[in-house]
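Me: I have a model open and would like to learn how to read its features one by one. Could you take me through it?

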Amino acid sequence: MGTKLALISVAVMLYTCQAGSSFHPLILIPGNGGNQLEARLTAGYKPSSLYCNRWNPVVKKKEGWFRLWFDPSVLLAPFTKCFAERMMLYYDPELDDYRNAPGVETRAPHFGSTQSLLYLDPHLKHITAYMAPLVESLEQIGYVNGKTLFGAPYDFRYGLAAEGHPSHVGSKFLQDLKELIENASSSNGGKPVILLSHSLGGLFVLQLLSRNPPSWRQKFIKHFVALSAPWGGTTQEMLTFASGYSLGVPLVEPLQVREEQRSSESNLWLMPNPKLFGRQKPLVITPNATYSAHDIAQFLNDIGFPEGVHPYKSRILPLTERYAAPGVPITCIIGSGVRTPETLFYGKNGFDEQPEVVYGDGDGTVNMVSLLALESLWSDKINQPVKVIRIPGVSHTSILRNGAALDQIIELISGVNSSVQYSVE
């Protein structure tokens, strides 16, 4: 990667000097779990055990804030439970919106900066690096944090809802992101902004674009680059809801975090999209039933999560039925050829055990039909340029650190800045 990146850097610097202009500002939008999340416990917090008392953790920041995600204490069984109950969301039918657990306040620190996107735990950089390799690559070609490079962390447990339904936290993030885009443009001579998202972040960006008028998009958005975006959800999400998912974190028992994962509004948003996955494709098979993407409501009820049915049908499903083309250039960079859960088989012991899995194509997390959704849905849209760059063998998260992937990302960003369309090998 080093030689190619160096050549790109020199080319961009030469162009910048000749043109007498700076980079287009670039904003990074992370995926689910892709930035640090802080919490504070108030008098309303009622711990389930002594381990979860308000003294834990002992060391806190000013005014009682501590890092909730990611903290290595989650690896220890008693504290895994504490983590889960503090991360829980609750759907309030009267408010028709989600809220935190009683007595738990949360915030995404360092909005506007890349700081909380680099490492999920700054004390464990080697094993919790997230966007650090990508940011380092961007800095090598001349981007500067806080001047031309910005980060948009958010509370990734929350999602968005269809029109007519409140979504206070998610909508507030979209407003903050919009203001960050406008300020970044303003502080860089009015240049339109490049948006670079990973995973779930791409869904938020697409919603932001569709919820603002064409005149705003034309003025402020230069290019939208989406890495590993699960446009149509994933089969993996059905496994998460049915049996829990440890995210590959060692020592964590999936069932210990299942209830918390089911409570996440954004997880519900990532259920397989009926329009894309279709009615005929079986996603979950049990001795008593077979579920396709059209059977998600029944699936939620049958796994023992009936409280998820109403918000799914009223808030999430209408949100996923329409993909409005924003009319800005979009490039999707995806991994391919990685074994990805496609169909789950559960035996007589039910959903408390992990299923047998049949794998298909994708990036290890997101199915190919979901990764390619925009290309397939907008193939006839004349005013909606969509380009897909596939990188064989690159997984959902390794796209942020793999040398070949970083080369492609930097080459694309450099091309957007110089208005040169680089060829993709």
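Reply: Gladly, and let us start with pairing: two strands pair if DSSP finds at least two bridges between them. Strands (E, at least two residues) and helices (H or I, at least four) are DSSP runs, numbered from the N terminus. Here, strand 2 and strand 6 (residues 104-107) run antiparallel and are joined by four bridges. Note that this is a predicted model, in which local features need pLDDT of at least 70 and side-chain atom pairs count only at pLDDT 80 or more, while totals for chains, interfaces and linings use all residues. Residues are numbered from 1 along each chain as its sequence is written, and side-chain values use heavy atoms, with hydrogens and water left out.

Me: Which residue of strand 6 is the bridge partner of leucine 41?

Reply: That is valine 104. Strand 2 also runs antiparallel to strand 3 (residues 66-69), with three bridges between them; there, arginine 67 stands opposite glutamate 38.

Me: At what angle do helix 9 and helix 10 pack?

Reply: Axes are lines fitted to C-alpha atoms, for helices over the stretch in contact, and angles run from 0 to 180 degrees between N-to-C directions. Helix 9 (residues 235-243) and helix 10 (residues 254-263) pack at about 110°, their axes 7 Å apart. Since 65 to 115 degrees counts as roughly perpendicular, that is the relation of helix 9 to helix 10. Contact means heavy atoms within 4.5 Å; Thr240, Phe241, Ala242 and Ser243 of helix 9 meet Pro254, Leu255, Arg258, Gln261 and Arg262 of helix 10.

Me: Which strands does helix 9 touch?

Reply: First, the sheet: four strands form an open sheet in the order 11-10-13-14, with mixed pairing. Its edge strands, each pairing on one side only, are strand 11 (290-291) and strand 14 (356-360). Helix 9 packs on this sheet and touches strand 10, strand 11 and strand 13 (340-345), its direction making about 45° with that of strand 13.

Key
Parallel < 35°, antiparallel > 145°, perpendicular 65-115°, else oblique.
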